[in-house]
Structures are given as structure tokens and as C-alpha cells.
Amino acid sequence: MPAQDCIFCKIVAGEIKGERLFDDDQVIAIRDINPQAPVHILVISREHIESLIRLPSEKAPILGHMSAVGNELARHEGLWPKGYRLVINAGPDGGQSVPHLHLHLLGGRPMRWPPG
Ligand code: AMP
């Protein structure tokens, strides 16, 4: 999908308005429009990278940054010490529906394992 048609690129660019919980030069964070838990936040890379599998190894440090932002938001949302989950879905079987790299922060209820 070309970046100009990407919903997350439009959100990153500010073409679609909404509350930003976090914003820096690498990522933004917003609440998921269809929450799967009481807290469901998306940490979205500013750069359009279609999927985890498309992340070149030299850009892998962004995953550490996305995790750090997810952890900070989890603290801010009061999810610790009860716990939370950070998830990246990749590809159709992974449950990815938006082809732009993002991390889900889920919390506020016990998570099941294995995931559905
Ligand atoms: P995934 O299925 O892992 O690709 O996750 C994509 C997520 O983006 C889903 O949980 C959707 O509910 C969410 N989503 C799609 N469009 C929007 C939007 N405009 N604002 C916030 N979340 C969105």
C-alpha cells in the first residue's frame, strides 16, 4: 500500500485529528479506535514501514524505543504492577490489519494465553 493511502501515515501527518498520548521524532501514540481491553494504545512509527518483517536490521532499534514508550505509557495508565501486554501483529495470520508498523499496549484486564 502506498504511504499516501495509509491511515496511520495520515494520523502521523495530522491529516486525521485525534488525541496524542505521546509524540516524538520516531513515534506517536494514540488510543485504539476499537479497544480490545480497558486500556488499548497504539505506538505507531512515524516512518511508513509496512510490517515487522519489512524492518531492516539497521532500523531495529526503533523496536526498543517503541517498547520503552509502551512501558512508560503503561506506567502512566496505572497498569503496573498488575501487568500489561505489548504486541506487534505481523501479516495475515498474525492478525495485522493496518500495514504500518505499530505496537499495541493492552491492559486493564487479565490477558489470556494462548492469544486467539
Ligand atoms: P493490527 O490489526 O495489529 O494491524 O492493528 C491495527 C489497529 O488499528 C486495530 O486495533 C484498529 O482498531 C486500529 N485502528 C484502525 N484505524 C484506527 C484509527 N483511525 N484510529 C485508531 N485506531 C485505529
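The largest pocket in this predicted model has a volume of about 1000 Å³. Here a pocket is an open set of points on a 1 Å grid over the protein atoms alone, where a 1.4 Å probe fits and protein lies on both sides within 12 Å along at least five of seven lines; the volume is the space filled by probe spheres set on the points. Lining the pocket are 36 residues (those with an atom within 4 Å of a point), and Asp 32, Gln 36, His 40, Leu 42 and His 104 lie nearest its centre. By class, this lining has 14 nonpolar, 13 polar and nine charged residues, with Asp, Glu, Lys and Arg counted as charged and Gly among the polar ones. At least two lining residues come from each of α1, β2, β3 (39-45), β4 (84-87), α3 (91-94) and β5; helices (H or I, at least four residues) and strands (E, at least two) are DSSP runs, numbered from the N terminus.

What takes up the space of the largest pocket? The ligand does. The elements giving two or more residues to the shell around the ligand are α1 (7-12), β2 (27-31) and β5 (102-107). In total, 15 residues surround the ligand (a heavy atom within 4 Å), the closest being Asp 32, Asn 89, Ser 97, His 102 and His 104. This shell has six nonpolar, seven polar and two charged residues.

Some polar contacts (pairs of N or O atoms within 3.5 Å) can be picked out. An N or O atom in the side chain of Asp 32 is 2.5 Å from a ligand oxygen atom, and one in the side chain of His 104 is 2.8 Å from a ligand oxygen atom. A polar backbone atom of Ile 33 is 3.1 Å from a nitrogen atom of the ligand. The protein covers 83% of the 500 Å² of accessible area (Shrake-Rupley method, 1.4 Å probe) that the ligand has on its own.

Two cis peptide bonds may also be found in the chain. One runs from Trp 80 to Pro 81, with omega near 20 degrees, and Pro 81 lies in the loop between α2 (61-76) and β4. Another joins Trp 113 and Pro 114, with omega about 0 degrees; Pro 114 is in the segment after β5.

Residues are numbered from 1 along each chain as its sequence is written, and side-chain values use heavy atoms, leaving out hydrogens and water. Local features need pLDDT of at least 70 and side-chain atom pairs count only at pLDDT 80 or more, while totals for chains, interfaces and linings use all residues.

Terms used
A polar contact is a pair of N or O atoms within 3.5 Å; within protein, one must be able to donate a hydrogen and the other to accept it, and residues adjacent in sequence count only if both atoms are side-chain atoms. A molecule sits in a cavity or pocket if more than half of its atoms lie within 2 Å of its grid points.
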